[in-house]
Amino acid sequence: MSEPIRVLVTGAAGQIAYSLLYSIAKGDVFGKEQPLVLVLLDITPMMTVLDGVIMELQDCALPLLKEVIATDKEAVAFKDLDVAILVGSMPRKEGMERKELLKANVKIFKSQGAALDKYAKKTVKVVVVGNPANTNCLTASKSAPSIPKENFSCLTRLDHNRAKSQIALRLGVTANDVKNVIIWGNHSSTQYPDVTHAKVKVQGKEVGVYEAVKDDSWLKGDFITVVQQRGASVIKARKLSSAMSAAKAICDHVRDIWFGTPEGEFVSMGVISDGNSYGIPEELLYSFPVVIKDKTWKFVEGLPINDFSREKMDLTAKELMEEKETAVEFISSA
Ligand SMILES: NC(=O)c1ccc[n+]([C@@H]2O[C@H](COP(=O)([O-])OP(=O)(O)OC[C@H]3O[C@@H](n4cnc5c(N)ncnc54)[C@H](O)[C@@H]3O)[C@@H](O)[C@H]2O)c1
């Protein structure tokens with residue numbers, strides 16, 4: 001067996017972490033041969049809850065789990081990390097304006113970015129889940145100048161999985177039969193779920209999704225809205241936000257970073273836009289189609305973009321630019 005890797009989960013007392021920690025600790029993400037030290041960070045009032053989470057992790061009797069460290073101190077949490085999964089963030093409270101929420105989160109992610117810069121390995125892979133995920137990720141990256149920007153990504157895999165699943169449900173196939181859907185832009189309701197380049201296996205034959213579905217108005221209408229609004233629909237039904245599916249998506253995202261994407265397949269991930277060929281402004285943390293090899297992602301290049309897609313890709317870029325401007329303003333004052 002190899003040396004244990006050190007994996008941090010923040011927001012560790014929360015509902016996503018409750019599903020996520022078990023999956024990571026039993027080897028779903030880094031493989032069944034990779035021992036782990038799990039580091040759990042939450043805020044001070046949640047430390048007693050974390051005690052319970054630790055007890056449960058111990059009671060799972062998992063062979064890969066070498067140690068669990070729970071803390072409310074960044075200096076402890078970020079030390080020597082191989083992977084940081086930043087789930088904890090400030091939730092929107094009633095009556096809170098978008099800008100106020102952004103400001104509160106800039107404060108958190110500026111501080112955690114600085115802690116990554118100071119304490120983590122320079123090779124650390126950082127995945128931001130806490131909302132607003134794209135801009136929080138940009139804030140953390142900007143606050144950790146000694147860690148390559150490419151090591152930071154934010155989660156749009158849940159949206160990606162939702163899109164895949166909607167197509168599979170429509171065609172009566174399984175989610176595995178659908179590949180190469182794309183989520184462009186922000187993990188918000190302006191995101192653009194795009195199936196122009198997606199393929200589906202129907203009766204043993206791989207065809208384009210547009211060709212298989214044969215209903216352009218659904219693909220350009222309700223399909224997009226359902227994916228964009230899915231988070232809100234889950235909250236409405238469950239009175240709680242997506243947690244099981246978010247944890248599964250985090251596992252998919254991090255496993256692909258660790259082991260690479262399958263040949264011929266791409267996935268969606270929020271990454272730094274520098275050098276993209278799709279006309280998305282530089283220095284945005286924007287969700288793109290990527291392939292991953294040797295723990296390094298690359299843009300999927302050269303996909304033709306039609307006018308319908310162009311408009312939607314620009315709209316979500318505009319929202320991200322506005323978020324970025326506000327965040328940058330707060331970074332200098334936070
Ligand atoms: N990107 C995505 O696809 C996606 C999907 C689902 C949820 N989310 C977001 O993930 C976040 C977590 O969701 P949840 O359902 O687990 O929420 P939750 O409220 O159940 O848990 C969040 C936890 O984070 C902790 N926390 C707050 N500030 C912290 C800080 N500074 N450091 C460490 N921990 C801190 C809280 O104490 C709490 O225990 C939310 O922001 C949610 O909007 C993102």
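**Pockets, backbone and fold**

Modeller: The second largest pocket holds about 520 Å³ of space. This is a predicted model, where local features need pLDDT of at least 70, side-chain atom pairs count only at pLDDT 80 or more, and totals for chains, interfaces and linings use all residues. Residues are numbered from 1 along each chain as its sequence is written, and side-chain values use heavy atoms, with hydrogens and water left out.

Colleague: Which residues lie nearest the centre of that second largest pocket?
Modeller: Asn161, Lys164, Ala175, Lys248 and Asp252, out of a lining of 26 residues. Here a pocket is an open set of points on a 1 Å grid over the protein atoms alone, with protein on both sides within 12 Å along at least five of seven lines; a cavity is a set where a 1.4 Å probe fits but cannot get out, and lining residues have an atom within 4 Å of a point. Points are joined across faces, edges and corners, and the volume is the space filled by probe spheres set on them.

Colleague: Which element gives the most to the lining?
Modeller: α6, with 8 residues. At least two residues each come from α6 (157–171), β7 (178–179), α9 (222–238) and α10 (244–259). Helices (H or I, at least four residues) and strands (E, at least two) are DSSP runs numbered from the N terminus.

Colleague: And what's the lining like by class?
Modeller: There are 10 charged, 8 polar and 8 nonpolar residues. Nonpolar covers Ala, Val, Leu, Ile, Met, Phe, Trp, Tyr, Cys and Pro; charged covers Asp, Glu, Lys and Arg; the others, Gly among them, are polar.

Colleague: How many cavities of 30 Å³ or more are there?
Modeller: The structure has 1. The largest cavity has a volume of about 70 Å³, and its lining includes Lys125, Glu150, Met269 and Trp297. By class, that lining has 4 nonpolar, 3 polar and 3 charged residues.

Colleague: Switching to backbone: which peptide bond is cis?
Modeller: The one from Asn131 to Pro132 is cis, with omega near -5°. Pro132 sits in the loop between β5 (125–128) and α5 (133–142).

Colleague: Since you mention α5, how many of its residues are buried?
Modeller: 9 of the 10, so α5 is largely enclosed by the rest of the structure. Buried means under 20% relative accessible area, exposed over 50%, and partly exposed in between (1.4 Å probe, protein chains only). Among the buried ones are Asn134, Cys137 and Leu138. The buried residues of α5 pack against α4 (98–119), β5, β6 (152–154), β12, β13 and α11 (307–333), with contact meaning heavy atoms within 4.5 Å.

Colleague: What about phi at Lys214 and Glu283?
Modeller: Lys214 has a positive phi of about 55°, and Glu283 has one near 65°. Most residues other than glycine have a negative phi. Lys214 is in the loop between α7 (209–213) and α8 (216–220) and counts as exposed at 70% relative accessibility. Glu283, in the loop between β12 (267–272) and β13 (285–293), is partly exposed at 30%.

Colleague: Last one, how many helices and strands overall?
Modeller: The protein has 11 helices and 14 strands. Its radius of gyration, taken over C-alpha atoms, is 19 Å, close to the 20 Å that the globule rule (2.2 Å times the number of residues to the power 0.38) gives for 334 residues, so the protein is as compact as a globular protein of that length.
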